[in-house]
Amino acid sequence: MDLVIDVQGITKRFGGKTVVNGLDMQVGRGEIHGFLGPNGSGKTTFIRMLCGLLTPDAGSGACLGLDVLRQQAAIRLQVGYMTQRFSLYEDLSIRENLDFVARLYAVPDRRAAVAESLERLGLAGRSRQLAGQLSGGWKQRLALAACLIHRPKLLLLDEPTAGVDPKARREFWDEIHQLAAGGLTVLVTTHYMDEAERCHRIAYIAYGSLLARGTVPEVIARAGLATWEIGGPDLPRTAARLRALPGLEQVVAFGGTLHVSTRDRARAQASLAEAFRGGAQRCAEITPGLEDVFISLMGAARDNFERGAAASETREEAPRP
Amino acid sequence: MSWFSPGRLRAVVLKEFVQMRRDRATFAMIVGIPVVQLLLFGYAINSDPRHLPTVVLDADGGPYARAIVQAMRRSGYFEVRDHAPSEAAARELLQLGRAQFVLNIPVDFSRRLLRGERPAVLLEADATDPAATGPALAALSLLMAGVLDRDLPGPLAELHGGAGPVELLVHRHFNPENITQYNTVPGLMGVVLTMTMVIITALAITRERERGTMENLLATPVRPLEVLTGKILPYIAVGYLQISLVLGAARLLFDVPMEGSLALLYAVALLFIVANLSVGITFSTLAKNQLQAVQMAFFFFLPSLLLSGFMFPFRGMPGWAQAVGGCLPLTHFLRIARGVLLKGAGFADIAPELWPIALFMAAVMAVALKRYRRTLD
């Protein structure tokens, strides 16, 4: 496979805190790779290291065939980076923003490139409007146009659809799929499950470490989770009752139902059978969804992290007499 | 990939100009600061105050006494409001600060004047602010010598000249026309540049960081030096606009003499402008937000204003203050501007003031470049 991103053991510390911990990642050409994880898990830091905004403390690898540690400047020329927060100039017009970016990348035949970019994103009629006056959805389209103007080979999108309405989100993803079909590689972070499911492959990280990776069905299967859906009256009290039972790792409200998940299927089944004997609730086993899996991964990672932190504290105190 | 690209520099410069045009507040500051400062220092803050309220106690009532009052009016320093009914009333006006001066003309003034006895007039001054009354007192003593010359014709002309026909009981060192503007306006050019250049550029990079645009800028191929110079260049143009504003006013409003070469002054001003811009850029890389950047700008502006010799005579300051002042670009630019405009100084005369500015600039710029790089990580 033709790998666009191929890095190993990427690590970044801020002060004493390890934000990205020995992360490996391989992304092939034309792939849309989803990057998921809770807030503060190190996704943005990892992306910033890929485009040369930050230097990794450890690790090695290549991005677009260039060394991520030593050829950052050359990598930047072929990468389009869309930041989490709108980071174009609000006091410049749409055209001026695009023109500025095109100049910085020394895009050949700049005027035509700007015009084409405006046309392609449907912004041609509003090119004189100030970027600051645009709505969230239009700002997002402009930001995408700006990071595509120099025809990058890799697109890094950091939560591109935060605060964007569902219709604009769907159009955005259609656009991403078109670009990927044309050979562009995309690494995208998101918190939305429906977006994760539109990626070719996904990676899930928490506390700076990779927890799961693969296609969506692969990630679900590897989690080894058993999930039951519970419906019926008085769900909040049922939830409270279930949380107290042994073997049930997570009880989460999903609209009008509860999702109960666990990795210890046999014990949970026994608990549930006991709990719902003769009750009014319906209880049926279902295939776990991506969200069930992520909640489970997040919980497990938190337990590990806290245990690890506690262990390191005791270690630090041990040598003292 | 090239280390410095004129194309990318051009991109940053053009962007800065467009943003400057859109930012009404900054634009108002560019024009507003020179205008307001000119009006304040040129007109309002005047160490040679005129039209001071004056009350006359004329016990004599003769034409000679009236001639003296007329002459005082004409001098411009005294605004004779009214004739006080009594000594007590006059003293009260003085006490309340409604009158700056009370002029007492004694009962037998005319008679003694004609006898050649050099009668005395007493000027009581509200001397709480000596700087306010000083010039007026000085002008009055000059006035008294010649005021009655025309009123004492023919045989009385022998009273002319010498010590004058009248004795003035307040004496002050002779200083007829103390035109502050000649000194202030050229200096103001440096003050205006220090203030605007530092504040505007201090905001330049901080704003990018605060609005989140810095992250995008850093992700592009643009280099630190391109960003820094790209942000400095447009403001050099602004600096020259301000110099022209102040010089225009100096010429048209204040009749400041321009003895030396304006071309030389414009050329040398470049160094001073760039020095101030680099201070601003450095603050901009140090400050965490725009408020901090403005605060830092004021920390720089105040000593510049106080220790440069603009507010107080440089040689009157203690040694340590002179040493601090000697490091500041404004101190040297003031000497250059006053030298060129008032004394007609040439390049050789001002050369000793140039290298301290250059040295200051180099040191500050080094800090800026170092700090800007560090923002990548």
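**Talking through the two chains**

Colleague: Happy to look at this with you! How many helices and strands does chain B have?
Modeller: Keep in mind that this is a predicted model. In chain B, the count comes to 14 helices and five strands.

Colleague: And what share of the contacts in chain B with a separation of 6 or more comes from residues 24 or more positions apart?
Modeller: Chain B has 377 residues, 40% of them buried. Among its contacts with a separation of 6 or more, the part from residues 24 or more positions apart is 80%.

Colleague: Which element gives the most to the side of chain B that touches chain A?
Modeller: The contact draws on 25 residues from chain A and 23 from chain B. On the chain B side, α1 (6-22) and α8 (213-219) each supply at least two residues. With eight residues, the top contributor is α1(B).

Colleague: Let's turn to chain A. What span does helix α5 reach from its first C-alpha to its last?
Modeller: Helix α5 of chain A covers residues 136-148, which makes 13 residues. At 1.5 Å a residue one expects 18 Å, and the model comes close to that, at 19 Å.

Colleague: Is Ala300(A) buried, exposed or partly exposed, and why?
Modeller: Ala300(A) sits in helix α11 (residues 290-317) of chain A. A buried residue needs 20 or more other C-beta atoms within 10 Å, and an exposed one has 12 or fewer. Ala300(A) has 15, so it is partly exposed.

Definitions and conventions. Residues are numbered from 1 along each chain as its sequence is written. Chains are lettered from A and ligands numbered from 1 in the order in which they are written. This is a predicted model: local features need pLDDT of at least 70, side-chain atom pairs count only at pLDDT 80 or more; totals for chains, interfaces and linings use all residues. Helices (H or I, at least four residues) and strands (E, at least two) are DSSP runs, numbered from the N terminus. The expected span of a helix is 1.5 Å times one less than its number of residues. Two residues are in contact if their C-beta atoms, placed from the backbone, lie within 7 Å.
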